[in-house]
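Good morning, and thank you for coming. Please look at the structure on the screen while I take you through some strand pairings and salt bridges.

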Amino acid sequence: MASHGLTYDGCNFFRQRLVLSTLSGKHVKIKNIRSRDDEPGLRDFEASFIRLLDKVTNGSRIEINQTGTVLFYQPGLLYGGPVEHDCNPQRSVGYYLEALLMLAPFMKTPLKATLKGVTNDPTDPTIDLLKSTALPLMKKFGIDGEAFEIKVVKRGMAPGGGGEVVFTCPVRKTIKPVQLTEPGKIKRIRGVAYSVRVSPQMGNRIVESARSVLNQFLPDIYIYTDHMKGTNSGKSPGFGLTLVAETLNGCFLSAEMSSTPQGQGDPVLPEDLGKNCAKLLLEEVYRGGCVDSSNQSLALLLMTLGQQDVSKVLLGPLSPYTIEFLRHIRDFFQIMFKIEVQTPLEDERKGGDKVLMTCVGVGYSRELKHSQDR
Amino acid sequence: MPPCAEPSNICSQSDWRHGDKLPIHRFLCTCETKPGVYREFTWRNSADVLVFRMDAKVKKQKKHQQKHSGPKAEKKKAKKQEGSVEEDGRKRNPKAFSVQSAVRMAKTFHRAQDIKTKKHHIPVVDRTPLEPPPVVIVVVGPPKVGKSTLIRCLIKNFTRQKLGDICGPVTIVSGKKRRLTFIECNNDINTMIDLAKVADLVLMLIDASFGFEMETFEFLNICQVHGFPRIMGVLTHLDSFKNNKSLRKTKKTLKHRFWTEVYQGAKLFYLSGMVYGEYQTQEVKNLGRFISVMKFRPLVWQTSHPYLLVDRMEDLTDLEQVRMDPKCDRTVSLYGYLRGAHLKNKGQVHIPGVGDFQVGDVGFLSDPCPLPDAQKKRALNEKERLLYAPMAGVGGLVYDKDAVYIDLPASHVNQLQEEARPTTELVQSLIDTHSTLDTKMAASKVSLFTGSATLDPTHISQHTREKEILEEQSVWDPTTNRERRKVIFTQEEGEEEDVSEEDDSEGSDQAEDEGDVECEEMAAGGAPPQKKQKLEAEGGRTGSCAELPVFADSEDELEMSEEEEEAGTPGDSGHSSEEEEDEESEDELGKQHSEGESEEEQEEEGALRWKEGLQQKAAEAFLRQQEAAPNLRKLVYGSVVEVTESEEEEEELGGLFRVSRPQKSKRLQANALDCSRFHADTGHDWDVQEVLDSIRDCFVTGKWEEDQDAATLLKQDEELYGDFEDLETGEVHVSQPQDAQDDDDGDEEPQVKMDDEEVQKNKRLEKKRRLKERFNSEYDDGDATYFDDLKEELQKQAELNRATFGDMDDESRVQYEGFRPGMYIRVEIGSLPCEFVTNFDPHYPIILGGLGSSEGNLGYLQMRLKKHRWYGRILKTKDPLIFSLGWRRFQTIPLFHMEDHNGRHRLLKYTPQHMHCGASIWGPITPQGSGFLAVQSVTGIKASFRIAATGVVLDLDKSVTIVKKLKLIGYPFKIFKNTCFVKGMFNTVLEVAKFEGASVRTVSGIRGQIKKALSSPAGAFRATFEDRLLMSDIVFLRSWYPVSVPQLYNPVTSLLLPAGQKDSWSGMRTLGQLKHDLGVRNKPNPDSLYKPVVRAPRRFNRLHIPKELQKALPFKSKPKQQQAKGKTPRDLQRPSVIREPHERKVAALLHALSTVHNYKRKNAHKVQHAKHKEFLQQKEKDEEAKLKRQREAKKKLYRVMGQKDQKKQRSSLKGASSDL
């Protein structure tokens, strides 16, 4: 059969390509992966990611050449079920979970993934962030149910890791179209200040400094301190803060910051971290939109895979990752978004430009349902 | 008999309008039925008295007279009155209507609710386009039933045109809002299957004189599997019935059979008879009316897939290529109305009968058969009754994206064409031209000014070329070029280059823009090299200054675009191409702030570059906000309109200018860190109060909008609901501001009394409206259910869908939502097999079925299948079968299986006779729940009923779990107590090792377990059993062996066959066919052969009874052990005596004597016996006499004794009495 595939260059946007390939059923070939690098080919964390994909699908075909610079991926059918995966500690669990969040609603059986590895590191969205922003976002698309949660069993900081996260997601036949055009005003700010293998006082110090910045805007601020001990504390010391601002319309904007991993740079003072994180949140608020910057692509994907109806979502400025994602969506699903920039009025004090994304879904229906659940 | 000599006279008198032609006897007949008329007639003419008399004999029925009095009338009256009383049963008998049982009441309530809810369908979003595609009407029926005639009649009915040969779909405009596409379905099962999938309405023709034929039922079954379109039966050949009764009977039976197949009350049309080879006009008209008002249900498969019923096909292959290689793959464009869902460009399609293809290019054309413009009139005029059937040769001129096709009509079509197209003159003129446009152009000359020299095309081309060279040089200035390549959004690089290539006049601006981009990138990276950027910009500006007109131009466009943007059409792709030069200066993403900074710095730089600053400022001040939209779009998607072109050019560029650096940078980015986080380096200092203020309103503590602010809302409420009248007390509450107004009014009363009245009136109206609103909201709320809410929500969504892209032009709209159903599109497909073109037959439908995202892939499908009850035989596992699933028809090898109670899928050799079974095939991934049907062969009509099986897809997977039973048999060769060594089951130790612990069993039912392999013989093992085995036992192991589904997927390529043989596709043969064709016969099982029966004699062993038991037994039951006396041995045998003659004589004498003696004794005994008898008789007699005597004596005695007693008694009585 003439199912045509796509070819890409380089390892950037690796996850996007594989995830979209899996969802669309088109095979993908990625060439020149770090071909000019001193260490050519796929890194361990990418290999680990491929392995994870292999676990949640059935019948995938993966071919990697000798040096690891060329990858061919023929997707199988999304299967789901209980999956346990040891994530490579080079990247945090968020790296893997972001992809799983995109795939989970379209599985054949509900997914229950246990991911082990680094839960919090400065590069990727941490587990706390995804928990507090991605899940409510997905709920707006009709992915809901009792067994829809991310549970942090153990926390593991970079570089050692040792954390454990359980992600369960129900399956849905179709995704609802959404109209998220009005973010609403921020009514409360919540957050988690976590610390492992350091003094429990760290958390309180972070909270203090973060509050000092945010209290200028809102009185309703509550930042939990989460200090994990013993076996639940992973292998490396560290601390960090995740802040989430919730609006009246149920949109979530978030910011986060983690301490630099042990032995990889200058140590950070918790006060500075708290303050900087709070400023990041303000920056995020400035950007605005109904979806925060790290979840833009997830929202766009769910819009694309919805029913054949118009979905609208208001975003802040598009991140480079999202822009690439939009291109990939066009490659894989032939969907183009209508992009309109909404500029705030002169007298409005509501941050920067917003982007209104509009699209018609492809009418993606979960082809694989379990024989029982019809 | 009729006496009237002048019938005409009579007629006139009786005031009838039949006239003279009326036969007389008929006239009389009518007279009989109308006696009143007759009477008059006779009264007038005395000559007809006779007739009247004759008619008087005819029995006149007595009229009913109603009784007004008497018992009957009384009864009736009473009944009437009673009835009126009875009417209100509730009053008369309230008990009967009271609640008897709460449970029962609940039950009835539930039932009522259930029935109500059952009527609900799951609401779906209404996605029908505003201008729907023509309705596909498939005319089906066995051959010679009148299909073509019906289509012809319907077309004539709607368009007043006659069509000769119906080949391919025929599209007509039937009404103001409806178009119809007719297509005829021939008797080939391939066609029937394909057309059933695209049909909206099926006209099922049935020859009533013959009855139903198998084709009808086959088609119905196909429809049932692939979603049921509307089906209307049409009975033809009704004129062949001579007898009215049999006609009615046939109609009834046919109708009822049809109803059981379709649904109760399905419409069946009757076409009675032909007039001049056509059906009766009135009947066709009625049928047409039915069709044009019919509503259609949306079918799941059709609404979720885009599809095309191709009504035109053009071969676009290069003729030279065809000449070189007649068998080369063809590029073909197919045309048709898009139906179903939105079609995306570059999607995947399946053409049933050909295969899967990648869509090369899709474009939409103007509608060849458009609906009439919206006008308020009832009927269509002649011009609007359009007919479009390119395959049938109607419509001589057809337009394509880049070409016009002229169909040179044959002489018989000419007439038609002139009717259809008034543009024939133009066509003819086009045909008449003999030289091409190029040569004409070359010959023509233009003078710009009067009297000046004419310009040659050669001159012009020279000029343009010069210009081009100039432009390119300016763009590819070596210094700027090198600088530019350093920092780019790699993805845009190629496209921007393209743009610079394309736009001849914008090289300079381009240079500047890229400079900007660079500056921002640098700012993001770290230290911004401002100076370098300035220099660059300067270079660019000088370039643009050199060409003053260009600058002016761009200014103009700037203004223009600004106006346009303010008109409120941002984000329109049309602008993006127009305004490229300006837009590109804004090529940035959410980084206006850094830009702002750079702008400030630029201003500081001084007045030298004031022009540049001016433009910059202009761009920023006017266009920053509005331009950002197309900008962003361009940033994300590039210049979308010519995607393919730019790609090509890129390649070209690569050939001409090979620059290594940008590629390198591209690769650098390509291998960058894959992270979704957006690291903002905008440099907002969140310690500064102004910056903090910029987001103040994002929080609930900030300022609210007018319409949401609590204070304003409260105020509004006051105004709206402040004054109200308490209906109970009659008090009128008036809100404060109203009061004030009233007061004002009071002051100005003398001035405007009329106004006051009006105000009052308005107030009343307002109040009324409010009340009504309130009532409505309350009323609706009370009735609103979940169902209603859901429906409303979907309704809203549908409206949004329509509104969102409704105001865009089609060109850009198709990019966002794809080609929408109802458009007339042209689909270009490359690499079609050449047979598709060479063997093209318009009588066979070409369908372009769009495929879903993963429907192009292959996998294992598990289905539930049932052999069709009308199919003659059962189906064999692993025999190839042709499936129709989704759009496709393909041959594959199914495995049939049953699910055991423990979930195991056990292989079956054959399908069950009357039961569902599972089937697993290797085939295209199709959504679960889609129905399919299977046929054994698509060649001709061999079987009585061609559909072999039907079913539904249950599950999709990339692996299968079907197993078949396998019994391994072994024999014990050494038996210990319960342990046993078994051989012959396996061949190696390894095999045994795999089965260690497996349970085994003997034929006699002793269970056991495999323990361990033995070293020798190979494959032997030790096993333990629950009892001791015998050497004669057979040990077996029950196991399940996985079966693999053969990966055969063989699409039925019936459309590629030569015309006339399209129904002769044959794929893989079944085993039975193969054997039959090759003459292979199975060797019969020797056990099944008949042999002479030889029975061995049966032997029984003796019964052995133990000695002890024997002893204990009674003698009767004891075995009789005395042996029969054997032969006496010779020595014990006594010798026989042989008498001497004398002795013999003596013996004879003695014998004689004894005989005599015996005789005598016998006689004596006889005499003795008689004597004794006599004696006994005598004795008896004596005895009797003696008894008699004794009895009498006794009698006497008793009498005496009795007398004595009596005496005694009497005396005692006396004595007693004396005593007394």
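This is a predicted model: local features need pLDDT of at least 70, side-chain atom pairs count only at pLDDT 80 or more; totals for chains, interfaces and linings use all residues.

In chain B, residue B:Ser333 stands opposite B:Glu828, which belongs to strand S20 of chain B.

Let us now turn to chain A. Here we find an open sheet of 4 strands in the order S11-S16-S18-S17, with mixed pairing. Which strands form its edges? They are S11, residues 179–180, and S17, residues 338–342 of chain A, and each of them pairs on one side only. Strand S11 of chain A pairs with S16, residues 310–315 of chain A, in the parallel sense over 2 bridges. Within that pairing, A:Leu180 stands opposite A:Val313. Helix H7 of chain A, residues 296–304, packs on the sheet and touches S16 and S18 of chain A. The direction of this helix makes about 170 degrees with that of S16 in chain A.

My next topic is charge. Side chains of opposite charge can pair when their charged atoms come close. Over all chains, the structure holds 42 salt bridges. One of them joins A:Arg155 to A:Asp128, with the closest N and O atoms 2.8 Å apart. This pair links distant parts of the chain: A:Arg155 lies in the loop between strands S9 and S10 of chain A, whereas A:Asp128 lies in helix H4 of chain A, 27 residues apart. Are these residues buried or exposed? A:Arg155 is buried, with a relative accessible area of 1%, and A:Asp128 is buried as well, at 8%.

A further salt bridge, at 2.3 Å from N to O, is formed by the side chains of A:Glu256 and B:Arg677. It crosses between chains, from strand S15 of chain A to the loop between helices H29 and H30 of chain B. Both A:Glu256 and B:Arg677 are buried.

Within chain B, B:Asp900 forms a salt bridge with B:Arg906, the closest N and O atoms being 3.1 Å apart. B:Asp900 counts as buried because its relative accessibility is 15%, under the 20% limit. B:Arg906, by contrast, is partly exposed, with a relative accessible area of 30%.

Finally, B:Glu766, B:Arg769, B:Arg770 and B:Glu773 are linked in a network of salt bridges. Thank you for your attention.

Key:
Residues are numbered from 1 along each chain as its sequence is written. Chains are lettered from A and ligands numbered from 1 in the order in which they are written. Side-chain values use heavy atoms; hydrogens and water are left out. Two strands pair if DSSP finds at least two bridges between them. Contact means heavy atoms within 4.5 Å. Axes are lines fitted to C-alpha atoms, for helices over the stretch in contact, and angles run from 0 to 180 degrees between N-to-C directions. A salt bridge is a side-chain nitrogen of Lys or Arg within 4 Å of a carboxyl oxygen of Asp or Glu. Buried means under 20% relative accessible area, exposed over 50%, partly exposed in between (1.4 Å probe, protein chains only).
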